Amino acid sequence: MLKKVLVANRGEIAVRIVRACQELGLDAVAVYSEADRMAPHVRMAQEAYTIGPAQATESYLRGDRMIEVAKKSGADSIHPGYGFLAENADFAEAVIAANLIWVGPPPQAIRLMGDKVMARSIMAQAGVPLVPGIGKSGQMTDAELLAAAPQIGFPLLVKAAAGGGGKGMRNVYRAEDLPEAIRTARREAQSAFGDDRVYLEKFIENARHIEIQLLGDEHGNVIHLGERECSIQRRHQKLIEEAPSPVVDEELRQKMGAIAVAAARSVNYCSAGTMEFVLDKDRNFYFLEMNTRLQVEHPVTEMVTGVDIVKEMLRIASGRKLRYEQDDIRVKGWAIECRILAEDPRNNFMPSIGRIIGLTNPTGPGVRLDSGIYFGSEVTPYYDSMLAKLIVLGETRGEAILRMRRALEEFRITGLATTIPLHIQLMNSTRFQAGQFDTGFLENHFSFNQTSNPASIRVAAVAATLMAHQRNQQAILLHQGGTSPWRLYGRREALDRRLR
Ligand code: MV4
């Protein structure tokens with residue numbers, strides 16, 4: 001078994017990995033940038049080492065420093081978490097070359113799946129249904145792409161071969177717009193990935209985004225842990241995930257799961273991985289891409305299956321066999337995750353930065369909080385805006401929604417704007433409650449309305465009444481008239497803003 005794991009990450013996921021190490025009796029080594037000296041992952045690990053300035057390129061993206069610290073600290077392994085170095089095949093190879101254990105999939109699997117055109121052809125070989133499309137591993141010229149487009153038909157998507165997660169993606173509804181879309185997609189892909197290869201896919205409109213969690217060991221065993229529904233997102237940033245999906249029944253789950261498992265086996269996949277699919281209105285599913293890492297939303301799967309995915313990754317990296325066979329896996333209950341972001345839903349999701357000057361964390365039955373913040377912590381612009389993930393488990397989807405709403409109302413973060421009010425409104429929305437949404441829901445069918453929280457409206461009404469009374473008293477004392485309704489309205493607005 002591993003003995004000492006370097007956690008090459010920060011924030012909530014670093015905390016999550018340290019916790020898994022602790023439960024397995026492993027020592028955890030934290031690394032931190034100058035902005036993260038006091039961070040929770042630093043305090044929770046057995047040892048911590050500074051790795052450089054706040055900018056990620058000078059710290060959390062420095063693979064050489066990670067390996068250096070692993071050697072210096074006597075760690076035998078590195079867990080990359082998600083983001084940063086997690087899907088960097090060169091880094092994974094360097095870790096292995098340094099005689100350390102890489103807690104993740106084989107570097108070659110990362111490399112193959114990182115090339116989305118390659119991933120398509122491997123999946124096709126394994127019998128996975130693909131969105132109709134066109135692309136080859138080498139460079140395709142603009143002329144070849146334009147010639148292929150009519151076979152696919154419109155609308156279609158121009159996607160970057162080196163992309164993923166929607167980066168460098170362009171929708172095209174008319175043939176005459178294709179040349180320009182190819183040019184901009186190439187330009188974007190070149191600057192983001194240093195690779196301007198693009199390919200075309202039929203655009204499945206009003207789709208749902210469903211993904212299958214996989215686990216494989218080094219002995220050829222691969223299982224799936226069912227699906228996650230990830231359709232509630234904004235600009236390819238997921239905001240809410242749930243497991244199971246309201247539109248996937250046991251039959252479809254087994255069908256998608258079996259296909260995902262067969263595909264993973266065909267590439268000797270091991271560790272944790274996820275196959276992403278789009279599901280169309282008729283519940284046909286098509287492969288999108290494979291993520292060769294632990295995902296942000298893994299907790300919802302943990303909650304409904306009881307499998308600790310991070311501990312399982314650490315065991316698998318130690319060469320152990322999977323502790324589960326497919327028949328051991330049952331989906332029980334309903335889990336929902338809200339990503340709590342330091343972004344202002346009232347102000348076009350502008351990032352909010354500052355110090356957390358008040359913090360009440362939600363607790364109670366069925367509530368899990370994976371958080372990277374603490375009272376007094378500074379939220380800086382250096383890293384992504386996710387502060388915490390609030391996860392609930394209910395017996396039914398209805399119970400999970402009510403529980404999430406309750407937990408969101410308990411959750412008080414003062415000092416910066418967060419997405420908590422937006423999440424409360426989503427939990428109250430009838431479309432969400434009915435499970436009637438697709439990937440366009442948040443941007444097309446939902447508008448954030450800041451006065452939707454009944455509790456704070458009541459608080460504001462009481463406060464405004466008290467204030468009006470006080471002002472009247474003052475007015476009487478000063479022999480002035482009553483408070484102007486306009487002033488009262490302004491005060492109420494200001495109070496409302498302060499309270500929320
Ligand atoms: C698609 C698609 C529909 N048709 N591909 C987005 C992220 C990346 N993993 C691939 N994505 C998609 N690829 C085809 N052929 C729908 C998505 C998609 C999406 C598209 C527009 C707006 C929001 C979206 C959310 C999830 C997935």
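Helix α4 and helix α5, the latter formed by residues 107-114, pack at an angle of about 175°, with their axes 8 Å apart. Because of that angle, α4 is roughly antiparallel to α5, a term used for angles over 145 degrees. The axes are lines fitted to C-alpha atoms, for helices over the stretch in contact, and the angles run from 0 to 180 degrees between N-to-C directions. Helices here are DSSP runs of H or I with at least four residues, strands are runs of E with at least two, and both are numbered from the N terminus.

This is a predicted model, in which local features need pLDDT of at least 70, side-chain atom pairs count only at pLDDT 80 or more, and totals for chains, interfaces and linings use all residues. Residues are numbered from 1 along each chain as its sequence is written, and side-chain values use heavy atoms, with hydrogens and water left out.

Which residues of α4 and α5 meet? From α4 come Ala-89, Asp-90, Ala-92, Glu-93 and Ile-96, and from α5 Pro-107, Ile-110 and Arg-111; contact means heavy atoms within 4.5 Å. By class, the contact of α4 with α5 has 5 nonpolar, no polar and 3 charged residues. Ala, Val, Leu, Ile, Met, Phe, Trp, Tyr, Cys and Pro count as nonpolar, Asp, Glu, Lys and Arg as charged, and the others, Gly among them, as polar.

Helix α4 (residues 89-97) also packs with helix α3 (residues 63-73), at an angle of about 25° and with the axes 10 Å apart. That angle makes α3 roughly parallel to α4, the term for angles under 35 degrees. In this pair, Gly-63, Met-66 and Ile-67 of α3 meet Phe-91, Ala-94 and Val-95 of α4. Their contact has 5 nonpolar, 1 polar and no charged residues.

Asn-99 has a positive phi of about 65°, although it is not a glycine.

I turn to the ligand. Of the 18 residues around it, Lys-159, Glu-201, Lys-202, Glu-276 and Glu-289 come nearest; a residue counts as near if one of its heavy atoms lies within 4 Å. A polar side-chain atom of Glu-276 lies 2.7 Å from a ligand nitrogen atom. For Glu-289, a side-chain N or O atom is 3.0 Å from a nitrogen atom of the ligand.

Finally, the peptide bond from Phe-154 to Pro-155 is cis, with omega near 0°.

Conventions: Parallel < 35°, antiparallel > 145°, perpendicular 65-115°, else oblique. Polar contact = N/O pair within 3.5 Å; in protein donor to acceptor, adjacent residues only side chain to side chain.
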